[in-house]
Amino acid sequence: MATWSAPGKVFLFGEHAVVYGKPGIAMAIRPRVYVTVRKSKVMHHARSPYIDGCFEEMGVKGSVYVNSQIPSSSGLGSSAAVTVATVSAINDEFSLGFSQEEVANSAFLIEKRVQGGKASPTDTSVATFGGLILILGTQRRRLPPQNFNMVIGNTMVSHSTGKMVEMVAELRKRQPDICNPVMDAIEGVTMGALRYLQDQSQLGRYMNMNHALLDVLGVGHPSLTRLVLAARSAGALGAKTTGAGGGGCMIAICPRTVKNRVAKAIETAEGRAIITTMDPEGVRKERDVT
Ligand code: MEV
């Protein structure tokens, strides 16, 4: 038996723009997914296509127990975390000898296949390596870890990442004169924010700018606006949509002393709040559950 866990993720900057080769910054966050794998003679199918995909890809049979603290379909990288933790647990249980790099690559290919060819390696990289990651084209670079106080607001409005990505692609085709400068501005915000990773007030201002630019791309939603404004009014230094938008989650960065107030404001505005910080660790082995 082998139990492994992997963290969820948020985009701090640059979602959607990364699809067009612009830089982005993503961060591993504390809610984790725990996966236990046990060898068996027959395959016990899981209810998740991601888990079944892992067993198929790795050519082994077993049973699985999953305990997820990450809400699914919320843009917090739960499918990538499940896939990375399952690949790692299979790797351990069957002594396959994969390196971390190989775990990240396999998990990405599995996620992409399950999602019909649409996945970016960001989520699986963050779930594997943890911490703060700069996405630069096809490259992923680790940035120095930071101790952000963050509140995530889940609008509970379901959204489809694929559809939102398609919508932006459509806008870019129809109105390149508007869309391309917005992508350039998001790049400017991301690169500017890189210089202020240790100055949370400045970082918050950049987050607000990134949020406005995402709204211009058409990936906003009234529920996201409501939670973002509630968080800012309650003392957040900055707040923005995170991930694909159109529902899903927003994030707020705040001084430690106001995080409870920000979380309460998000709940009052009909969101679900999660107080979190960066998780510096990626996928890791856990004590087995019996
Ligand atoms: C979704 O979490 C982030 C997007 O940029 C898509 C992607 O990077 O794959 C919208």
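**How the ligand is held**

Mentor: Welcome! An oxygen atom of the ligand is 2.8 Å from a polar backbone atom of H16. This is a predicted model, where local features need pLDDT of at least 70 and side-chain atom pairs pLDDT 80 or more, while totals for chains, interfaces and linings use all residues. Residues are numbered from 1 along each chain as its sequence is written, and side-chain values use heavy atoms, without hydrogens and water.

Trainee: Which residues are around the ligand?

Mentor: Among them are K9, F11, E15, T161 and G243; being near takes a heavy atom within 4 Å.

Trainee: Why is the ligand said to lie between domain 1 and domain 2?

Mentor: Domain 1 (2–145) and domain 2 (150–276) both give residues to the shell, so the ligand lies between them. Those bounds come from an automatic or database domain assignment.

How values were computed:
Polar contact = N/O pair within 3.5 Å; in protein donor to acceptor, adjacent residues only side chain to side chain.
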